[in-house]
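Please have the sequence and the structure open while reading.

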Amino acid sequence: MSLCVNDLSFTYNKGLPTEAEALHHISFTAEKGEILSVVGHTGSGKSTLAMHLNGLLIPQAGEVSVDGRKIENDPENLRKVRQMVGLVFQYPEQQIFAETVREEIAFGPYNWGTRGGMLEEKVAFAMDAVGLDPSYISANPFMLSGGEKRRVAIASVLSSDPDYLILDEPTAGLDFSGLRELTALLRSMADRGICVIHITHDLELALNISDKILVISEGTATCCGTPSRIVEMLMGTDVRGLVLPDILFLSYELKNIGVTEHITSDPDEMAEMIRKARSRCRC
């Protein structure tokens, strides 16, 4: 089963002088256990797409389905979809509201009917999954650092056991250490079988952590595929707001002349492939 988007289009203020098309015939499939990054410039339609994936916005044209369940304007259906698909907003302050970390994380499963010891187990599991020490359980989430708030926000979604997790610009404002921790967390969630849909403008990050990448420009899907395919596409096509890192240009050229086996942005991996190529030449 998977999350499928088929020919999705959406226009804000339809029929008004301020009408603006945000999405134009978008199609892709996201599978459980993978990281799919949606990459595009500011205003490309990424956040509008994210809000369609758990029913915050209902498709005007085309369709979105989750494990075969179509997202449509039906309260009971939307409730079930939102239990399967969790959404973490770009800024944790947009979704944090409780007075303690425990209340914040327990809110979702409590509203899905979980009580007693099982509820506490879900809270403990979610805190452990995002690396929050149990000592945080009674802390006021509004008094935490930005990175800690983000962990609480993610834990508050994970506690409901979603099959799909959407994160809108989750690395915004994080320092290098926080970025490394978050990307490791995203990979660990995918390894647990959760489908992670990562909304970002950071192409280099997407290339490093994703199994698949969807590139959106001006509300239209430019390309969808593996990181290697995206690099090859961007080598020959200009996409607004997306610039390949210099190391990827070098990696691409080395692969083309047969020096390296595949494209990489990891300098250590590239150096090792070059060393092996030199060793083969001496033989």
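## A charge over a ring

R115 sits over the face of Y110, 3.6 Å from the ring centre, where a charge counts as over a ring if NZ of Lys or CZ of Arg is within 6 Å of the ring centre and within 35 degrees of the ring normal.

## Basis of the model

The model is predicted, with local features needing pLDDT of at least 70 and side-chain atom pairs counting only at pLDDT 80 or more, while totals for chains, interfaces and linings use all residues. Residues are numbered from 1 along each chain as its sequence is written, and side-chain values use heavy atoms, leaving out hydrogens and water.

## Aromatic pairs

Rings of Phe, Tyr and Trp (its six-membered ring) pair if their centres lie within 6.5 Å, and planes under 30 degrees apart count as stacked, over 60 as edge-to-face and the rest as tilted; by this rule there are 2 aromatic pairs. F10 and Y12 make an edge-to-face pair, with 5.0 Å from centre to centre and 85° between the planes. F10 is buried at 8% relative accessibility, whereas Y12 is partly exposed at 31% (buried means under 20% relative accessible area, exposed over 50%, partly exposed in between, with a 1.4 Å probe and protein chains only).

The rings of F97 and F107 are also edge-to-face, because their planes stand at 80°, with the centres 4.9 Å apart. F97 is partly exposed, with a relative accessible area of 47%, and F107 is partly exposed at 42%.
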